[in-house]
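Student: I have a new structure open and would like to go through it. Can we start from the record and then look at the helices?

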Amino acid sequence: MTQTAVNQNGVTVQRSEPTYYSLLGLHPSASVIDIRRAYRELSKRYHPDTTELPATIATAKFQQINEAYATLSSPERRLSYDLKIGYSRFGVIQAPSDLNHPVSHPYNWSKSAYLDPSDRPLSAGEIFALFMLVLTFLGCALLAIAIGLTRGEAAFQPQLLPAITTAQQQITHLLPLILPL
């Protein structure tokens, strides 16, 4: 039995055997709850003990439904089955069939306003950040100049002299106590 299906890319695909989704009467994007609900309804309808169909037909159909549910109810098995039948839940960009030939019309960068594709104008936030950086640099430079002008020559004289002389005086007073001669 041949089955016609349309995949996500709009391509018609001929299949010789039904998919697990078609056995359960579902679309490949069906949720786990939809799969469980369809399985329960079909298993009641085709169970060999409860159907009026011949036992051989009912058993075969029931086994197919069980196999479909076992595959589609397991996330790992469902993913591998989806890959096998060519269904993807994610929109994936397909590689061109012939990688040795370029795509029909490559982009001509010479027509662009920017010769380098990474070259672009600054955004408003980037301009503001640069403005704040320059403003901070100028503020620090002006502050350093103002401090230099107000302190004058005192800024260049070392402030350690009074501390050194007091330390020397303390050592000279303590030295006779520590080392008796």
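Student: Which residues does UniProt list as "transmembrane region"?
Tutor: The unreviewed UniProt entry gives residues 127-149. UniProt positions follow the numbering used here, feature names are shortened, and annotations may be inferred rather than shown by experiment. This is a predicted model, where local features need pLDDT of at least 70, side-chain atom pairs count only at pLDDT 80 or more, and totals for chains, interfaces and linings use all residues. Residues are numbered from 1 along each chain as its sequence is written, and side-chain values use heavy atoms, leaving out hydrogens and water.

Student: How far apart are the end C-alpha atoms of residues 127-149?
Tutor: They lie 33 Å apart, and the span is 100% helix and 0% strand. Helices (H or I, at least four residues) and strands (E, at least two) are DSSP runs, numbered from the N terminus.

Student: New topic. At what angle do helix 2 and helix 3 pack?
Tutor: Helix 2 (residues 32-46) and helix 3 (residues 55-73) pack at about 165°, with axes 10 Å apart. Axes are lines fitted to C-alpha atoms, for helices over the stretch in contact, and angles run from 0 to 180 degrees between N-to-C directions. Helix 2 and helix 3 are therefore roughly antiparallel; angles under 35 degrees count as roughly parallel, over 145 as roughly antiparallel, 65 to 115 as roughly perpendicular and the rest as oblique.

Student: And helix 3 with helix 4, what is the crossing angle there?
Tutor: Roughly 105°, and the axes of helix 3 and helix 4 (residues 75-85) come within 5 Å. That pair is therefore roughly perpendicular. In contact (heavy atoms within 4.5 Å), Ala 70, Thr 71, Leu 72 and Ser 73 of helix 3 meet Pro 75, Arg 77, Arg 78 and Tyr 81 of helix 4.

Student: How many salt bridges are there?
Tutor: The count is 1, with a salt bridge being a side-chain nitrogen of Lys or Arg within 4 Å of a carboxyl oxygen of Asp or Glu. Arg 37 and Asp 34 form a salt bridge at 3.5 Å, N to O.
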